Amino acid sequence: MGVLDRFERSVERVVNGAFARAFKSEVQPVELASALRRETDTTAAVVGPDRTLVPNAFTVELGPSDHDRICTWQDDLAEELAASVTDHARSQRYSFPGPVSVRFVRDEELATGVFRVRSARVRGAIAPATAAVATPARPVLDVDGHRYQVTGDRTVLGRGSDCDVVLDDPGVSRRHAEVVLDGARAAIHDLGSTNGTVVDGVRLDGPSTRTAPLRDGSTVLLGRTRVTFLSGADRAAARDDGEW
């Protein structure tokens with residue numbers, strides 16, 4: 001099943017077929033998904049070996065009729081479009097500079113069935129992990145099976161909606177801990193959480209023991225949530241030593 005087929009099925013599940021009725025002769029969600037994929041392809045920029053950067057912030061401009069039709073489901077549709085773009089980026093091995101977002105704006109001059117897509121690269125602390133392998137320059141956080149690429153110097157994890165990685169776990173504080181990158185070195189710092197942070201079996205629970213280094217494969221426990229830090233450093237060292 002292709003990316004767009006999966007997208008259509010996801011949209012149909014979200015609104016129980018309401019999209020199919022509402023968009024019978026107007027803008028189709030699959031058209032928007034295709035346009036966002038084309039936007040990433042046409043604006044992709046090679047910024048280094050094995051690294052092609054694409055926009056992560058998308059604005060879809062719609063005419064009054066189309067905008068009115070999607071306003072009830074725009075949050076769900078935006079989420080599905082962001083997932084579709086992420087799937088496409090993963091298949092093409094593109095990289096995002098930050099989290100993927102899609103928003104809709106009303107343009108009174110656009111006719112029904114006509115839309116425009118604008119995009120921008122907006123840097124953030126975290127992005128969807130689209131590369132197959134983590135590297136020291138672009139480490140990955142595996143959060144209970146969901147992977148995020150670290151793109152900023154500081155990445156906050158917690159239950160609060162303002163965190164870079166939001167954890168749906170009652171045992172996690174609103175701002176629980178942060179991952180800090182300093183060149184090729186990485187560490188995690190507990191932000192005074194209620195239940196503490198456990199790194200590779202060692203609890204960080206005191207003023208003088210709130211920070212611990214992170215190595216490739218380090219495991220961090222925040223509440224019931226398991227986070228694995230992946231940097232590929234050990235694999236790179238093994239290759240340099242001729243072990244691979």
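Author: Contact here means heavy atoms within 4.5 Å. The model is a predicted one.

Reader: Which residues does Val102 touch, leaving out those up to four places away in sequence?

Author: Leaving those out, Val102 touches Leu36, Phe58, Val60, Ala78, Leu81 and Ala82.

Reader: How should I read a group of such residues?

Author: In soluble globular proteins, nonpolar side chains tend to be buried together. In this structure, the largest nonpolar core has 23 residues, and the members that touch the most others are Leu32, Leu81, Val102 and Phe104.

Reader: How many helices and strands does the protein have?

Author: The protein has six helices and 18 strands. Of its 244 residues, 48% count as buried. Among contacts with a separation of 6 or more, 61% are between residues 24 or more positions apart.

Reader: What about the surface?

Author: The protein exposes about 12,700 Å², and 46% of that is supplied by carbon and sulfur atoms.

Reader: How many cavities of 30 Å³ or more does the structure hold?

Author: The structure holds one. The largest cavity contains about 40 Å³ of space.

Reader: Which residues line the largest cavity?

Author: Its lining consists of Ala129, Thr130, Ala131, Val133, Arg138, Val140 and Gln149. Four of the lining residues are nonpolar, two are polar and one is charged.

Technical notes:
Residues are numbered from 1 along each chain as its sequence is written. This is a predicted model: local features need pLDDT of at least 70, side-chain atom pairs count only at pLDDT 80 or more; totals for chains, interfaces and linings use all residues. Side-chain values use heavy atoms; hydrogens and water are left out. On a 1 Å grid over the protein atoms alone, a cavity is a set of points where a 1.4 Å probe fits but cannot get out, and a pocket is an open set with protein on both sides within 12 Å along at least five of seven lines; lining residues have an atom within 4 Å of a point. Grid points are joined across faces, edges and corners, and a volume is the space filled by probe spheres set on the points. Ala, Val, Leu, Ile, Met, Phe, Trp, Tyr, Cys and Pro count as nonpolar, Asp, Glu, Lys and Arg as charged, and the others, Gly among them, as polar. Helices (H or I, at least four residues) and strands (E, at least two) are DSSP runs, numbered from the N terminus. Buried means under 20% relative accessible area, exposed over 50%, partly exposed in between (1.4 Å probe, protein chains only). Accessible areas come from the Shrake-Rupley method with a 1.4 Å probe; for residues, only the protein chains shown count as cover. A nonpolar core is a set of buried Ala, Val, Leu, Ile, Met, Phe, Trp, Tyr and Cys residues joined through side-chain atoms within 4.5 Å.
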